[in-house]
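Dear colleague,

I am handing over the structure we discussed, and I would be glad if you could look through it alongside the notes that follow.

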Amino acid sequence: MNGVYNESMKLAIHGGKPIRTKPLPAWPQYDEEIEAAAQVLRSGKHARQSGSRVAEFEEAFASFFGVKYAIATSSGTAAIHIALAALGIGPGDDVINTAHCFIGTATPVVHCGAVPIFADIDPRTFNIDPDSVREKITPYTKAIVPVHLNGCPADMDHLQEIARQNRFYIVEDAAQAHGATYNGKLVGTFGEMGCFSFWEDKIISTAGEGGMVITNDEQLAKRAKMIHHHGELREDGDYYKGERLYFHPFLGYNFRMTEVQGAIGLVQLRKLPHYIAMRRKNAHLLTQLLRDVEGVIPPYEPENVTHVYYKYILTLDRKVLTTPAVEIAKAISAEGIPATRRYPTPLHQQPIFVEKRGFGNTNAPFIKPWYQGDVTYGSGLAVAESLPNDLIMLRMNPFLNEEDIEDIAQAIRKVIHYYKTHDPVVH
Ligand SMILES: Cc1ncc(COP(=O)(O)O)c(C=O)c1O
């Protein structure tokens with residue numbers, strides 16, 4: 001697009017013709033999964049205690065990740081809760097979380113009775129910044145929960161070094177990064193425990209909700225199994241079968257996965273390598289098509305990682321245009337390409353934390369006598385606070401074809417061209 005005005009350049013948001021009127025392909029799309037779910041429904045064995053699909057899914061998942069144990073859960077949030085609880089994280093402890101993420105990465109800390117301490121992020125990968133982590137460590141820090149955000153692995157070399165030096169645990173939040181690798185190793189296998197989500201739009205899904213915890217540690221796996229199943233243990237060592245003694249050595253929950261979810265997960269897992277390949281192909285094509293669009297910076301993919309592009313995040317280049325991300329996102333959406341901001345309120349600025357809204361009508365667990373440290377929320381994380389104003393989130397999915405990607409690029413090109421040439425500050 002050159003500087004000469006023509007009618008096709010009129011933005012859809014201003015009444016012009018949109019780049020695209022046909023919706024982009026939906027995600028997820030199930031086929032064999034439907035028959036797998038129907039078989040479970042017909043069998044009458046719907047709970048994991050009576051059927052075998054969840055157990056098979058766990059076995060297949062553990063095998064895919066090359067780990068000894070996998071425990072299927074009702075959600076990704078439950079998976080993180082179980083992992084922290086299995087590690088013994090509780091009242092008086094704090095856990096370092098990233099400030100730029102969905103809240104489900106941090107609330108499990110509070111649900112364990114511990115306190116999240118938020119660290120800033122790297123402006124290129126949007127993942128937790130190891131230097132900020134070092135600054136946030138307290139005498140009460142027991143763990144860190146790095147998120148592999150948008151499918152891009154966190155800086156595990158540095159995070160592992162920090163964890164080793166300070167003797168705390170790593171619980172990886174790989175909710176958005178199934179199959180991503182760092183130095184050739186699958187994420188989720190670096191920490192004591194790795195957690196995944198199978199929520200509706202995740203890289204693989206299990207009919208709307210679901211999650212998984214993985215570990216190589218037998219004791220942690222045993223505790224995780226008990227915790228996800230009412231803290232129950234049966235004498236024969238099996239958690240679900242045999243005579244039920246109603247014997248509960250642990251505080252537990254009902255965080256079990258259903259058989260329908262397990263059956264769907266098994267099919268989805270088989271498709272994972274193909275899905276990853278397609279996501280990467282599509283994302284790389286889009287990055288290539290946006291190369292010449294001055295004003296947007298495509299996602300950064302460090303050399304030592306396999307990014308699985310759960311989402312495709314554009315950064316607006318503030319040297320070129322100053323329009324807020326929210327406006328740009330609305331204009332791209334009007335062109336027929338769904339776009340939004342990415343996590344506009346960082347976690348340390350969420351009211352639950354700023355006002356230390358805890359259990360019941362108390363501030364537990366954020367203050368004394370529950371926690372001896374001193375945590376304040378609300379400010380002090382410069383990148384996490386300013387960056388969301390520069391980020392545009394686009395959906396990436398394996399069913400997009402080249403034409404779809406070209407439309408996405410074209411919509412971005414059109415919108416950026418308009419705002420760039422009308423920028424009141426830069427021009
Ligand atoms: C990074 C991250 N952590 C945790 C969660 C929580 O997972 P779920 O929605 O399955 O509880 C999600 C997703 O929804 C997520 O994206």
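A crossing of two helices is called left-handed if the near helix is turned anticlockwise from the far one by less than a right angle, and right-handed if clockwise. Please keep in mind throughout that this is a predicted model.

In that sense of the word, the crossing of helices α2 and α8 is left-handed. The axes of α2 and α8 (residues 259-289) come within 7 Å and cross at roughly 30 degrees; since angles under 35 degrees count as roughly parallel, α2 is therefore roughly parallel to α8. On the α2 side the contact is made by R53, V54, E56, F57, A60, F61 and F64, and on the α8 side by E259, G262, A263, G265, L266 and L269.

Turning to the sheet, seven strands form an open arrangement with mixed pairing, in the order β1-β9-β8-β5-β4-β2-β3. Its edges are β1 (69-73) and β3 (115-119), each of which pairs on one side only, and the twist from one strand to the next averages 25 degrees. Helix α2 (residues 53-65) also packs on this sheet, where it touches β1 and β9 (211-215), and its direction makes about 130 degrees with that of β1. Within the sheet, β2 (residues 94-98) pairs with β4 (residues 141-145) in the parallel sense over four bridges, and I96 has I144 of β4 as its bridge partner.

Finally, the largest nonpolar core has 128 residues, and those with the most contacts inside it are I82, A83, L84 and A143. Leaving aside residues up to four places away in sequence, A83 touches V171, M193, C195, V213 and A224.

With best regards

Technical notes. Residues numbered from 1 in each chain as written. Predicted model: local features only at pLDDT ≥ 70, side-chain atom pairs only at ≥ 80, totals over all residues. Pairing = 2+ DSSP bridges. Helix = DSSP H or I, 4+ residues; strand = E, 2+ residues; numbered from the N terminus. Axes fitted to C-alpha atoms, helices over the stretch in contact; angles between N-to-C directions. Contact = placed C-beta atoms within 7 Å. Core = buried A, V, L, I, M, F, W, Y, C linked by C-beta atoms within 7 Å. Buried ≥ 20, exposed ≤ 12 C-beta atoms within 10 Å, placed from the backbone. Parallel < 35°, antiparallel > 145°, perpendicular 65-115°, else oblique.
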